[in-house]
Amino acid sequence: MRPFSDERPAADPNRRGSAFPASHELATGPVKSPPVTVDGFVQEFLSELNYGQGVKLSQSTINDQYLALARTVRSYLMAAWLETGHRRRKNPTKMVAYLSAEYLLGRQLGNALLSTNLISIAEQAMHECGIDIAELRAQEIEPGLGNGGLGRLAACFVDSLATMDVPTIGYGIRYEYGIFRQSFEDGRQVEQPDPWLRLGSPWEFPHPERAVTVGFGGQTEESADEEGRNRCRWTPERQVRGVPYHYMVPGYRNGVVNTLRLWSAEAHEGFDLQVFNSGDYARATQAQTVAENISKVLYPDDSTPQGKELRLQQQYFFVACSLHDFIENTLPGDFDLQNLPKRIIFQLNDTHPVIAVPELMRLLVDEKGFDWDEAWAITQQCFAYTCHTLLPEALEVWPVELLGRLLPRHLEIIYRINDDFLAQVREAFPGDEWRVRRMSIIAEHPQRSVRMAFLATVAAVKVNGVAALHSQLLRDNVLPDFAELWPEKFTNVTNGITPRRFVRLANRRLSGLVTEALGTEEWVTDLDLLRGLEPLADDAAFREQFRQVKAANKNRLALVLEGRDGLVLEQDHLIDVMVKRLHEYKRQSLKLLHVVSLYEGVRSGRLPIERVTPRTVLFGAKAAPGYHLAKETIALINHVAAVVNEDPIMQGRLKVLFPANYNVNLAEKIIPAADLSEQISLAGKEASGTGNMKFALNGALTIGTDDGANVEIRQLVGDDNFFLFGLSEPEVEALRKEGYVPSSYYEQDPVLRATLDLIGSGHFTNGSRHSAAAVVDNLLHHDPFMALADFQAYLAAQDRVDEAYADQDAWSRMAILNVARCGFFSSDRSMRDYLDKIWHA
Ligand code: 26V
């Protein structure tokens, strides 16, 4: 009998293209590029609703409408996406592969509307359908695939690279659960999972047919190849499938759409049907569960880089998938890997992806048959490393025992890299065995481990810090031996933020004012043009308009906080904001001491209430779930808020608000409404900060220490337009050497004493001294971040803030100058710096 035609063996799902005529390459029909009419857009939206979602408008839920709108908008990016890919394949050049375990993207719909220039069309179209577009935008759950600054930086960078038409691919992990959702119970942080995919995401495109296999565990074996050379074979004990999900990264109105490729882990084989049928469901699906766990959840822990096995699995998983994908699927089939450095630079976003270094060596040596030295010469040109911290305790190390168990071949490779490297050190510094031990990639104490930052530094073409001060301290304090050996390897690229999301989208009113004033919208892609606003700082009418923008943004924030948290924002207050991850070094506790000192001052009669500037202090912060002191600090802030906000003695002049679950979306509402930006880390501890840039560009003034990118902000805006206070980094070091004795500040400063005593008395914690004790005791007896040393200077700086704020015209002038002079902090400029100094792409 003739077989049915569908009994043919299926074709390779990966087979590309066909013999179809070239005229069929791209669909014709409705041209998917603006300009489009409102009516046209309405029709497309209805079509998505009817034929995509399968509902009529009258029957559709808000989620149906959101998905239909998202699909309508994204279809305008599709042609550009295909075209960008086509153009890049036709004319292959050096690409940038950004390797990052985190991308804190924020909501996609607004950005897609902005980059396609469809905001106003879509607004009108939704209006014609009787739909409030704001309500649809609010439906979107943001992909919170990052912890904080590092993840958001990656998102800003890929935005800029698309806008600058740089051939880029972003690689990362598609966590099923992003950063936890924070709520408060009795003021204490409670974490819930973040099921961001529950209602489906219209922004991702799964490609299961392009899955990659990744191995773990097992053994290595040496044998001779046909030519008698020693070869190593790794036989993994188990395998996992990495399924890529593609996300569009649209450039700003330039027809470019780059790709972000995030990997999701699946079982290599399905479940065990025999075992399942026998009734043992748990065992039948066990292997599947173990595999899927790899991309299940983002590690929320930036408090300690603990050597968690699953975290190392995540790192290797996404890096192995990404290297394989680039080499096997992105490069042409006949590519000579000798030329790899001409076609790629892998930018390592911190140490999380550094296992890519031995992975590339393994691919070249074990799989492609390169000699070790050839392979190393190639590898050394393919990586660049960005360090994002200065805290020695934050530098990742992996116990050799763990690494060897999970990735035995990689450990061998790391040992060999280290041997060769240490031979080089011995040659450069004969007889200096102490230096050799200091520089070894393998640490011996407290347990034998691999220092990932050292491995990255040895392998990288360039090593960069993320602000001028940070890069200098990186050279001088964190990696001094390496800087001595290879001074030319070290460089700085000061961070930046995308003006598209954080000014143009987040602050439409300011954007409108700026565009009107400059007579062009070009500033959105050329932020230096903001300089043109400088003369307007002296224009009274412009200052008035600028104030009206701020007032309207406060009003919007008030509505958001009311609806989201039931909080009341006093719109005539000075809005004083500290939003960032909760860390001791960032010193939220110092901000809290300021609040309590005002309250205590009024209570004790030291401070007449009329002298208190009406002020709302707004906190936003998540604490790592295992970071006890950070969580105690959150609780204390909430307890202080509850008392201060209600005490009639303050006559409503001091409020503390702490909306839960600070995220990118809330940042977009808070930052444009802020008057004062709190950047008060202990000098020498905050690598850069990026919130500081967002605030300055939205017309808030900074009160800050001489730390991270604050240094550069102050240099640019000028001392008169920045509230600087506190110890400098060298002063911090001197004090540490001399011995920091926090209690001496307590004894010498009556205001500080009264402030700490009031907290310690249990006044804010229902009479319980115990609740506040962890925070107070730490400040008084331990605190490596020296909050008390800066207390007096901080209060004095806040007095200067009050004084400046009292003259609204002068304040506006300063704020406008901040906006005008901070164009440098565009991530477009950061990308130009990476291109010039590091990538040469
Ligand atoms: C921070 C900490 C601090 C407490 C001790 C342990 C520990 C472990 C990890 C981290 C996070 C380090 C990576 C990071 O997120 N760095 C941030 O990167 C931003 C983008 O470059 C930069 O603006 C921030 O200053 C920097 O903290």
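# Rings, lysines and a serine in a loop

Y98, F157, Y834 and W839 come together as one aromatic cluster. This is a predicted model, and searching the whole structure turns up 23 aromatic pairs.

**A stacked pair: F421 and F482**

- F421 and F482 make a stacked aromatic pair, with 5.7 Å from centre to centre and 10° between the planes.
- Helix α15 (residues 408–428) supplies F421 and helix α19 (residues 480–485) supplies F482, so this pair ties together parts that lie 61 residues apart in sequence.
- F421 has a relative accessibility of 2%, which is under the 20% cut-off, so it counts as buried.
- F482 is buried as well, with its relative accessible area at 2%.

**A tilted pair: Y740 and Y745**

- For Y740 and Y745, the ring centres are 5.8 Å apart and the planes meet at 40°.
- Planes under 30 degrees apart would be stacked and those over 60 edge-to-face, so the 40° of Y740 and Y745 makes the pair tilted.
- Y740 comes out at 15% relative accessibility and counts as buried.
- Y745 has 24% relative accessibility, so this residue goes down as partly exposed; the buried label needs a value under 20%.

**Lysines over ring faces**

- K489 sits over the face of W486, and the distance to the ring centre is 3.9 Å.
- K694 does likewise with F502, lying over the ring face at 4.3 Å from the centre.

- You'll find S60 in the loop that runs between α1 (38–53) and α2 (62–90).
- Leaving aside residues up to four places away in sequence, S60 touches L49, V55 and Q65.
- One of those contacts is polar: the side chains of S60 and Q65 are joined at 3.1 Å.
- The S60 side chain also reaches the backbone oxygen of L57, at 2.7 Å.
- Looking back along the chain, N50 is 10 residues from S60, and the C-alpha atoms of the two are separated by 9.3 Å.

How values were computed
Residues numbered from 1 in each chain as written. Predicted model: local features only at pLDDT ≥ 70, side-chain atom pairs only at ≥ 80, totals over all residues. Heavy atoms only, no water. Phe/Tyr/Trp six-rings, centres within 6.5 Å; stacked < 30°, edge-to-face > 60°. Helix = DSSP H or I, 4+ residues; strand = E, 2+ residues; numbered from the N terminus. Buried < 20%, exposed > 50% of the residue type's maximum accessible area, 1.4 Å probe, protein only. Lys NZ or Arg CZ within 6 Å of the ring centre and 35° of its normal. Contact = heavy atoms within 4.5 Å. Polar contact = N/O pair within 3.5 Å; in protein donor to acceptor, adjacent residues only side chain to side chain.
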